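Hi,

Here is the structure we talked about handing over. Please take a look, then read the notes below it.

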Amino acid sequence: MTRRAAMTIALMAVMASACAACAGSPARPVQNPGHTVAVGQGYTSDQLRQALLTDLSGYRRAGEPDSGEYGSLKAIQNFNQLQGQVKLDKPQCGTASRAFGSSTEAQNAPAAITTFTKDDGQTVTETLLTISAATADRQVKLRVPAGCRTFRALVGDQWSTHQIVEATQTQLGGGSRTVGVATTSGSSHVKTWYVVLRSRGYLASITMYGVNVTQVDAEEAAREAYAQAERILP
């Protein structure tokens, strides 16, 4: 199984837990997301891009950041394409992962994304997203359904096993949650840690993927991302 496919499956798991309640969120179309708006009305994609991390200790940035409407971002389009190639033994756990991304609010939301890598293939992706306060609040209060904490996935002719853990002790920003996924495919073992946090006017997420990534590492990167965003966003 390729690294991208394994990461897609892991992200389906964390997104299923992070975004299950978003489909019912009221639509909030955004016009001209790159233009400046008044404080309190939501940040534009340009503002979010400026608030992304510019460096991360031990990593190098992989290309230029992307920004615009969430649904138009290349990384999101790639994820959606790969997601269609994955079959789960528990289809109900994958359906939830598409709820937020397919909603009008998400597709039109101003967003920005950047990725950092290491030579060993470890990656960190930061996403900033302008969504309603009610939707952001739901994101940090969601929990993984008991029946979706373990599942198997099929890509091509290869199966992989995934185990999800949640960590709720650490609280960042105006509220946060941390989800980890351990993925096993043959003799390959990798981990994904996902931290989502909310603050005034935006939702931030940090996704860390690799053989040796830890909850501590992911939450430290999330702290750095939060501190940077708070410095930049008015």
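Thr 125 is buried, with a relative accessible area of 15%. Buried means under 20% relative accessible area, exposed over 50%, and partly exposed in between, with a 1.4 Å probe and protein chains only. The residue sits in strand 5. Its side chain makes a polar contact of 3.2 Å with the side chain of Thr 115. (A polar contact is a pair of N or O atoms within 3.5 Å; within protein, one must be able to donate a hydrogen and the other to accept it, and residues adjacent in sequence count only if both atoms are side-chain atoms.) Neighbours within four places in sequence aside, Thr 125 is in contact (heavy atoms within 4.5 Å) with Ile 113, Thr 114, Thr 115, Ser 205, Ile 206 and Thr 207.

**Ground rules**

This is a predicted model: local features need pLDDT of at least 70, side-chain atom pairs count only at pLDDT 80 or more, and totals for chains, interfaces and linings use all residues. Numbering starts from 1 along each chain as its sequence is written, and side-chain values use heavy atoms, with hydrogens and water left out.

**Overall**

The protein has eight helices and ten strands. These are DSSP runs numbered from the N terminus: helices are H or I with at least four residues, strands are E with at least two. Of the 234 residues, 52% are buried.

**Cores**

The largest nonpolar core has 26 residues. Such a core is a set of buried Ala, Val, Leu, Ile, Met, Phe, Trp, Tyr and Cys residues joined through side-chain atoms within 4.5 Å. Leu 48, Leu 56, Leu 128, Tyr 202, Met 208 and Leu 233 have the most contacts inside it. Helix 8 (215–232) gives the largest share, five residues. A second, separate core has 13 residues, including Ala 109, Ala 111, Ile 113 and Leu 129.

Leu 233, leaving aside neighbours within four places in sequence, touches Tyr 43, Gln 47, Leu 48, Ala 51, Arg 200 and Tyr 202.

**Charges over rings**

Lys 118 lies over the face of Tyr 59, 4.8 Å from the ring centre. The test: NZ of Lys or CZ of Arg within 6 Å of the ring centre and within 35 degrees of the ring normal.

Best wishes
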